[in-house]
Amino acid sequence: NKYINDSSGHCIMKYMNAIFWSRVTLIATIALLGVFAWQTPAWSGDNDEFLVVSFLDVGQGDAIHIETPDGFEMLIDGGATTQVLRQLASGRQFFDRQIDVVLATHPDTDHIGGLVDVLKRYQVATVVQSKVKNDTPATQAFTQAVANEQSEVVYVQRGDVIALGASTTVRVLSPAGDVSDWQSNTASIVVQVQYGDIEFLLTGDAPTGIEEYIASYYGEQLESEVLKLGHHGSNTSTSKTFLAIVQPQYAIVSAGVDNRYGHPHSKVVERTAQQGARLLNTAQYGTITFATDGQSVWQTQQ
């Protein structure tokens, strides 16, 4: 079962019977073959007790893969190209072509371009997005891909909660209200993923104005061990005040090697260092994976 609760306390339930039986068939097939060993992208450990979050190396763009201890998968954004498919295939069983939830933070090419290919390759039960309008070729292709997949489409805003399996909560912190005419980055879906006492704050391309807004609204609730820096480490995001409230141990930049934007910006690097967070950049490290048991969080070996 999947539950997406809105801010008024109502519950939207999706009972994925077809997904359940397809997983039973998949498990039976693997048991007969006896030749495949499960592991998540960039993670080779036993995932029965850990939440695993991978910031995928997709060049100049965002793509974040989440797998819960009970085997539910969420993909947040997909970069601009098919590179996300190679990352998702890493360590995945050959017959595993299912992703429970795909979340598009906002309709910019470097966030949804690769999701078109993901929707073609994988069975996606639910697509989460905001109602911001953006009539670009990338948006048109993404909208058509969602329609072809016949995924359930859920529009979210501040206060909505996604229960990702039994153990993991994804809280939507932004945007709020009618965002149809907002600028794309400003309308980015910002989420906080919680497993036990550990949080991951994922900010899309949200600018400092949105950071200030959610900081004033949520205050200390924003504290998170891992922060994905907004807009690939651009100086339009990651204010000193925001960093001080979040207090991250790790700060992640998802950017391409020698990108033409100069991401991450030197001032952002400086502010992150002053806050005492360890900055990790996919341009330097490739896919960056964390595991947590709900009490502590650590970077895994690649």
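Visitor: How much space lies in the second largest pocket?

Guide: This is a predicted model. In it, 17 residues line the second largest pocket, and the closest to its centre are Q129, S130, T139, F142 and T143. The space in this pocket is about 250 Å³.

Visitor: Which element supplies the largest share of the lining of the second largest pocket?

Guide: Two elements, α4 (137-149) and β8 (152-155), each supply at least two residues of the lining. By kind, the lining residues divide into eight nonpolar, seven polar and two charged. The largest share, four residues, comes from α4.

Visitor: Which side chain is joined to that of H111 by a polar contact of 2.8 Å?

Guide: D77 and D205 are among the residues in contact with H111, leaving aside neighbours within four places in sequence. The polar contact of 2.8 Å joins the side chain of H111 to that of D77.

Visitor: How many residues has the largest nonpolar core?

Guide: In soluble globular proteins, nonpolar side chains tend to be buried together. Here, F55, I66, M74, V191, F200, L202 and F290 have the most contacts inside the largest core. Apart from it lies another core, of 22 residues, with L56, L88, A104 and L119 among them. The largest nonpolar core has 31 residues.

Visitor: What is the omega of the cis peptide bond that joins S174 and P175?

Guide: P175 lies in the loop between β10 (168-174) and β11 (190-195). The bond joining S174 to P175 is cis, and its omega is about 10 degrees.

Visitor: Where is P264, to which a cis peptide bond runs from H263?

Guide: The peptide bond from H263 to P264 has an omega near 0 degrees. P264 has its place in the loop between β14 (250-253) and α7 (266-275).

Visitor: Is D258 buried or exposed?

Guide: D258 lies in the loop between β14 and α7. Its phi is positive, near 50 degrees, although the residue is other than glycine. The relative accessibility of D258 is 75%, and because the cut-off is over 50%, D258 counts as exposed.

Definitions and conventions. Residues numbered from 1 in each chain as written. Predicted model: local features only at pLDDT ≥ 70, side-chain atom pairs only at ≥ 80, totals over all residues. Heavy atoms only, no water. 1 Å grid on protein atoms, 1.4 Å probe; cavity = no way out; pocket = protein on both sides within 12 Å on 5 of 7 lines; lining within 4 Å. Points joined across faces, edges and corners; volume = space filled by probe spheres on them. Nonpolar A, V, L, I, M, F, W, Y, C, P; charged D, E, K, R; others polar. Polar contact = N/O pair within 3.5 Å; in protein donor to acceptor, adjacent residues only side chain to side chain. Contact = heavy atoms within 4.5 Å. Core = buried A, V, L, I, M, F, W, Y, C linked by side-chain atoms within 4.5 Å. Buried < 20%, exposed > 50% of the residue type's maximum accessible area, 1.4 Å probe, protein only.
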